[in-house]
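These are my notebook entries on one structure. I list what I looked up and what came back.

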Amino acid sequence: MGTSHRNSRAGGSWDLLAGMRKFENGYEQFDTRNASQAHLTFADGDVPKNKLVKFYNYLLNVSIVTRWTLFIIPILALLWIPGILGFTKYPNTRVYGIKLLFWSIWFSVLWLGWWSALAVCMILPKLLRNTVGIVIVNSRKYIDWFEVLYRYAAFAGWSITIFVSYQPLINHTQETDDSTSRQSIDTLSKLLFALMLSACVLFVEKLAIQFIAGKFHERSYADRIETQKFAVRVLVTLYQHSTDIPWRSDTLRDGPSADPKRKSMFNPQKVIKKAFKGVRNVATTTTTVLGTVASEIAGTSVLQPNSPPAMVKTALESANKSRLLARRLFYSFARPGSDHLRVEDIERFFRTRDEADAAFAIFDKDMNGDVNRDEIEMACMELHREQLSIEHSMRDLDSAVGRLDNILMSLYFVVVILIFAVALEAQLATLITSAGTLILGLSWLIGGSLAEVLTSIIFLFIKHPYDVGDRVTIGDKTYTVKEMRLLSTIFLDSNACQVQAPNTWMNTQLIHNIRRSPQMSETFEFDVAYGTSFEQIERLREVMLSFLKTERRDFQPIFDVYVVDIPGQDKMTLRADIKYKSNWQQGTLKAQRRNKWICALKVSMEKVKVFGPKGNPNAPSGPTKYTLVPYEEVIKKEEEAKVEAPSTSASSTDLRIPASEWTFADQNMAIVDPSQDVFGENDQVCAFPYFHIFCCRC
């Protein structure tokens, strides 16, 4: 919602010089199909083609100044006709005891007040963003809120203006003995006061909705915000200790001019922008000096537009500047002649080695111990996209909040009716009694709907089990959240079919949120021959561990084998967990990694000679038996011989308890299972050397 408003104005609707070049071509070549605004676009033949209409449409599209001038001046001229007549020919003429001149002045305030309030509310966010937003970075969020609500703010300011101006211009200048006229002016004053209160209540309601939406998204994306904040702190620390490289134009510096031939061309828009840039640079220098003094007084970094946090935040707002920031960091810390960075190169900028490792892990996605320039660029680009995603998600109202806004707007209209009724001196107690009787009478009809609405509000805004775009598992099916409504949720199943589920039913289901989950794993079972030795299983585990350590970017280096069953002593069923390095939010990526893991298992089983119950599938076929006697009789005699064969007596040494040293797993798993670690004990166990002493042959 906020983005649509912002983008519509960013396209040039408030650019004073947007139509400067259109004067060069003249209005005769203007085509209404190429209008600057969507509401001014007309197809060929839909408007008359005479010169007057074409010139009028041309002026509407030149710029917002000419467009508003055509809107304001004619109406303003009509409003001043009574005032001119009252000032010249009829100086003593009064309407409701008020001179015509004061009526024209107040109507001018009424007409010009709206356009002035709208213009101020359109310009103010951009002005605040380039002044206060540079000085106080945290204020940008509230400036964005005001930019989204600029029309409601303009309406509230306009209503205050016309009520305040009504008192000295109309109410206090009335001179009449007619009680009807006095009552009419007094009634109009009360209506304007009620309008002012209603406009202020509307602005507060929209501001509350924006606040709820912001807090709603802030809580929803709390984990992502915390990760993003840590990454930004790392970039700020590195940028603070980086060095400027004047001889490179790709390290967060302004590049050379693209075309020197175009310098001689006069472009007023570029001249104005260059002047504004110069003023901004002066303001930056001034605020830096003031910020130094303020920092000494307050003890914090304030009013520092060119401080490392402000520079990094500004760089992450642009894709190109994010890449330039990455290159500056790489060239600042890379050793001469080296094409990669190691954690030792940046360790001195952090307090501990653990903190340096955590910072280096932001860039070292494959965890091979070094990063090149491309990896740093990819990491900064991911942070850039993540920051934009979080900012847009927290700024915009989603559909569920919009439904809540509709409910509050329904209550708002009831409040407006009460405000106007009270302003007109109606009996408030009578109104409340009548409304309560009506609501009580309809409770049997709307009671179930109200309960459903309340349950849905609690489900979405308090429990909030998922966000738009999350992959969730409900029952035995996996869906992707497409749209969140107040009373229902729209999902997409694996066949891209839309599934609608009421939130009251969802409130009773177990919902597995895949996107919010940490590193996930799945179980894979496979059968091997019953005669497979334990040494072969252990070698299979060692080979798979070597593969997983090589593919550390996709998998955790864990391969524990579980003997599930030996059904009928025909085969041995084994189980292993595929430990991914991420969750399954990206289904295609998960499928690719699963295929890679299974293919590696197949190759490893062939390498260590571990085969299925039917033996080696690539083994040469055995000899074919031929007999003159029916083959069924031969098989029958062989089975009878097996049954009649004497059993060997087991000695006491053969009946000893078998060795139990084969576990095929990490011994720490018996202490703390990572999949069930809710107290954070896994890291402590893995770091404690005592448990590694008793690792047996696995």
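Which residues does Thr243 touch, not counting residues up to four places away in sequence? I found Arg328 and Ser332 for Thr243, with contact meaning heavy atoms within 4.5 Å.

Basis. I am working with a predicted model, in which local features need pLDDT of at least 70, side-chain atom pairs count only at pLDDT 80 or more, and totals for chains, interfaces and linings use all residues. Residues are numbered from 1 along each chain as its sequence is written, and side-chain values use heavy atoms, with hydrogens and water left out.

Entry: I placed Thr243 in the loop between helix 10 (222-241) and helix 11 (268-298); helices (H or I, at least four residues) and strands (E, at least two) are DSSP runs, numbered from the N terminus. Thr243 has a relative accessible area of 44%, so I logged Thr243 as partly exposed. The classes are buried under 20% relative accessible area, exposed over 50% and partly exposed in between, with a 1.4 Å probe and protein chains only.

Ser242 is found in the loop between helix 10 and helix 11. Ser242 is buried because its relative accessible area is 11%. I read 5.4 Å from C-alpha to C-alpha for Ser242 and Ser332, which are 90 residues apart in sequence. Leaving out residues up to four places away in sequence, Ser242 touches Arg328, Leu329, Ser332 and Phe333. I then looked up polar contacts (pairs of N or O atoms within 3.5 Å; within protein, one must be able to donate a hydrogen and the other to accept it, and residues adjacent in sequence count only if both atoms are side-chain atoms). The side chain of Ser242 makes one with the side chain of Arg328 at 3.0 Å, and reaches the backbone oxygen of Tyr239 at 2.7 Å.

Entry: cavities. I searched the whole structure and got four cavities of 30 Å³ or more. A cavity here is a set of points on a 1 Å grid over the protein atoms alone where a 1.4 Å probe fits but cannot get out, and lining residues have an atom within 4 Å of a point. Points are joined across faces, edges and corners, and a volume is the space filled by probe spheres set on the points. The largest cavity comes to about 50 Å³. Its lining includes Leu238, Leu329 and Phe333. Helix 13 (residues 319-333) gives the largest share of that lining, three residues.

Entry: Asn503. Asn503 sits in helix 19 (residues 503-506). Its relative accessibility is 0%, so I counted Asn503 as buried. A polar atom of the Asn503 side chain lies 3.0 Å from the backbone oxygen of Leu486. Beyond its neighbours within four places in sequence, the contacts of Asn503 include Ser456, Tyr466, Arg485 and Leu486.

Entry: Ser104. Where is Ser104? I found Ser104 in helix 5 (residues 100-130). Ser104 is buried, with a relative accessible area of 1%. A polar atom of its side chain is 3.0 Å from the backbone oxygen of Leu79.

Entry: whole chain. I noted 24 helices and 12 strands. Of the 698 residues, 35% count as buried.

Key: On a 1 Å grid over the protein atoms alone, a cavity is a set of points where a 1.4 Å probe fits but cannot get out, and a pocket is an open set with protein on both sides within 12 Å along at least five of seven lines; lining residues have an atom within 4 Å of a point.
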